[in-house]
Amino acid sequence: MIEPPRTEGGDAPGSPRSEPGSSPDSPAVMTVLAEILKHGPIPRIEVARRTGLSQGAVTKAVARLTEQGLISTHDNRRSPTPGRPVQPVSVQEEARLAIGITIRVDEIFGVATTMRANVLHSIHRPLASTAPPAVVESVAGVVHQLLDCLGTDAERVVGAGVAVSGDVDKAAGIVRDSPRLNWSAVSLRDLVHERCDLPVVVDNDVRALTIAEEWFGIGIDSGSFAMVTIGAGIGCGLYVNGDVVEGDHGIAGEIGHLPLAPGDLLCTCGRRGCVETVASSSAIVHAIRAAKNDPLMTMREAVALARAGDVEARTAFERAGSMIGLALATMANLVGPSVILVAGESVTNYDLFERRVREAFDEHVFGSARACKIIARSHTFEDWARGSAASVIRSMLDGTLTTHS
Ligand SMILES: [Zn+2]
């Protein structure tokens with residue numbers, strides 16, 4: 001049984017309180033915790049090498065984190081390694097918990113997780129309306145249901161993360177524009193916080209999923225990667241030189257709105273010529289409906305038609321693939337990731353895109369950026385919700401998790 005975090009008597013003068021919901025210590029201590037979270041069990045000397053901190057500073061931070069019950073030292077006296085014991089350290093992942101929620105157009109998924117975003121409880125509920133009051137009501141309901149599932153462990157929850165697609169100002173806690181939810185300037189953080197007595201973090205859904213991939217997925221072995229989601233929209237999370245790119249104005253990696261397509265179609269963002277006008281799932285199905293004169297055709301039927309070899313259906317998918325490849329090459333030329341992870345709802349149909357994506361990418365990518373790998377990976381909605389929980393933990397580590405009340 002892990003004791004709930006307590007900090008009485010241990011804080012240095014001026015240091016922030018370290019109850020759940022706030023950063024328990026200095027940036028150096030949190031840097032050490034983040035490193036142990038990502039790479040533990042890990043020897044202290046390796047933490048020092050990775051963070052650039054002195055061994056003395058790491059030892060001090062480890063002592064502080066151990067005192068708070070956030071990490072533990074492995075007893076490896078029986079290790080066959082001769083010489084000085086290495087004593088790797090790892091996080092006590094259940095010492096802090098997080099709630100993560102992702103909002104889709106017709107449903108909400110929520111998870112309660114450990115610090116390593118391992119899921120303890122998971123629930124989802126349908127969404128009857130995307131009007132902000134109805135969504136906030138449902139989000140609050142999911143948060144309270146998850147807290148009930150946790151029972152007495154709920155006191156270790158540091159915050160709730162809520163992610164939506166679109167233009168999200170994480171620092172201000174505002175969804176500035178979400179075309180899919182038809183939201184504009186919604187103060188989501190404050191609205192959810194009013195209903196739940198927890199610090200709340202709002203984030204763009206792809207950026208939140210990128211944080212989870214950074215820590216517990218592709219980012220473990222990669223110094224820079226891009227995660228591109230294809231589906232109803234086309235999003236892109238960037239992890240560059242050891243950090244997820246947020247953009248000074250909250251916008252970065254919006255490859256779905258690169259103006260690379262012909263200008264005859266209007267995008268959901270109100271502009272013309274965006275990649276999404278050709279390559280989003282709705283653009284593909286619209287093109288096939290028009291070609292087949294079947295306005296009621298579903299995406300599933302369109303996929304079946306393409307798989308059966310229908311030329312017009314295949315052409316719509318291949319045109320989308322070429323557009324996505326062009327967008328990926330543009331992004332790779334600018335950012336230079338070692339890996340591009342293709343994810344999102346349409347990844348289940350990626351066989352219909354893949355060849356054209358790679359061809360267009362190879363055609364337009366510059367020089368050695370061609371070495372960038374493109375890997376498809378499917379994520380469950382639970383994975384997306386885990387991303388929101390990871391966003392909470394990240395805010396805890398960088399000291400931005402506050403109640404904002
Ligand atoms: Zn657009």
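1. Helices and strands here are DSSP runs, numbered from the N terminus; a helix (H or I) has at least four residues and a strand (E) at least two. The model is predicted. Residue numbers count from 1 along the chain as its sequence is written.

2. Start with Asn182. The loop that holds Asn182 runs between β8 (174-178) and β9 (183-186). Phi of Asn182 is near 60°. That is a positive value, and Asn182 is not a glycine. Is Asn182 buried or exposed? Its relative accessible area is 69%, so Asn182 is exposed, the cut-off for exposed being over 50%.

3. Ala117 also has a positive phi, near 60°, and is likewise a residue other than glycine. Its place is the loop between β4 (107-114) and β5 (119-126). Ala117 has a relative accessibility of 1%, so it counts as buried. The cut-off for buried is under 20%. Look at Ala117 and Asn182 together: Ala117 is buried, whereas Asn182 is exposed.

4. Where is the cis peptide bond that involves Pro41? It runs from Gly40 to Pro41, with omega near 0°. Pro41 sits in the loop between α1 (27-39) and α2 (44-51).

5. Now the largest pocket. It holds about 950 Å³ of space. Its lining counts 45 residues. Gly233, Glu254, His257, Thr268 and Glu276 are the lining residues that lie nearest the centre of the pocket. By class, the lining has 18 nonpolar, 17 polar and 10 charged residues.

6. Which elements each supply at least two residues of that lining? They are β7 (167-169), α6 (205-216), β11 (225-230), β12 (234-240), α7 (276-279) and α8 (281-292). β12 gives the most, with five residues. On the domain level, domain 2 (96-210 + 382-397) supplies at least three lining residues, and so does domain 3 (223-337 + 345-378).

7. Thr277 is in helix α7, and α7 is one of the elements that supply at least two lining residues. With 9% relative accessibility, Thr277 counts as buried. The C-alpha atoms of Thr277 and His257 are 8.8 Å apart, and the two residues are 20 apart in sequence. His257 is among the lining residues nearest the pocket centre.

8. Next, the aromatic residues. How many aromatic pairs does a search of the whole structure find? The search finds five. In one of them, Trp215 and Phe216, the ring centres are 5.7 Å apart and the planes stand at 75°, so the pair is edge-to-face. The angle cut-off for edge-to-face is over 60 degrees. Trp215 is buried, at 4% relative accessibility. Phe216 is buried too, with a relative accessible area of 18%. Elsewhere, Phe317, Tyr350 and Phe353 make up one aromatic cluster.

9. What lies over the face of Trp384? It is Arg104, at 5.0 Å from the ring centre.

10. His124 lies in strand β5 and counts as partly exposed, at 49% relative accessibility. His124 and Glu382 are 258 residues apart along the chain, yet their C-alpha atoms are separated by 9.0 Å. Leu328 lies in helix α10 (residues 311-335). Leu328 is buried, with a relative accessible area of 0%.

Conventions: This is a predicted model: local features need pLDDT of at least 70, side-chain atom pairs count only at pLDDT 80 or more; totals for chains, interfaces and linings use all residues. Side-chain values use heavy atoms; hydrogens and water are left out. On a 1 Å grid over the protein atoms alone, a cavity is a set of points where a 1.4 Å probe fits but cannot get out, and a pocket is an open set with protein on both sides within 12 Å along at least five of seven lines; lining residues have an atom within 4 Å of a point. Grid points are joined across faces, edges and corners, and a volume is the space filled by probe spheres set on the points. Ala, Val, Leu, Ile, Met, Phe, Trp, Tyr, Cys and Pro count as nonpolar, Asp, Glu, Lys and Arg as charged, and the others, Gly among them, as polar. Domain bounds come from an automatic or database domain assignment. Rings of Phe, Tyr and Trp (its six-membered ring) pair if their centres lie within 6.5 Å; planes under 30 degrees apart count as stacked, over 60 as edge-to-face and the rest as tilted. Buried means under 20% relative accessible area, exposed over 50%, partly exposed in between (1.4 Å probe, protein chains only). A charge sits over a ring if NZ of Lys or CZ of Arg is within 6 Å of the ring centre and within 35 degrees of the ring normal.
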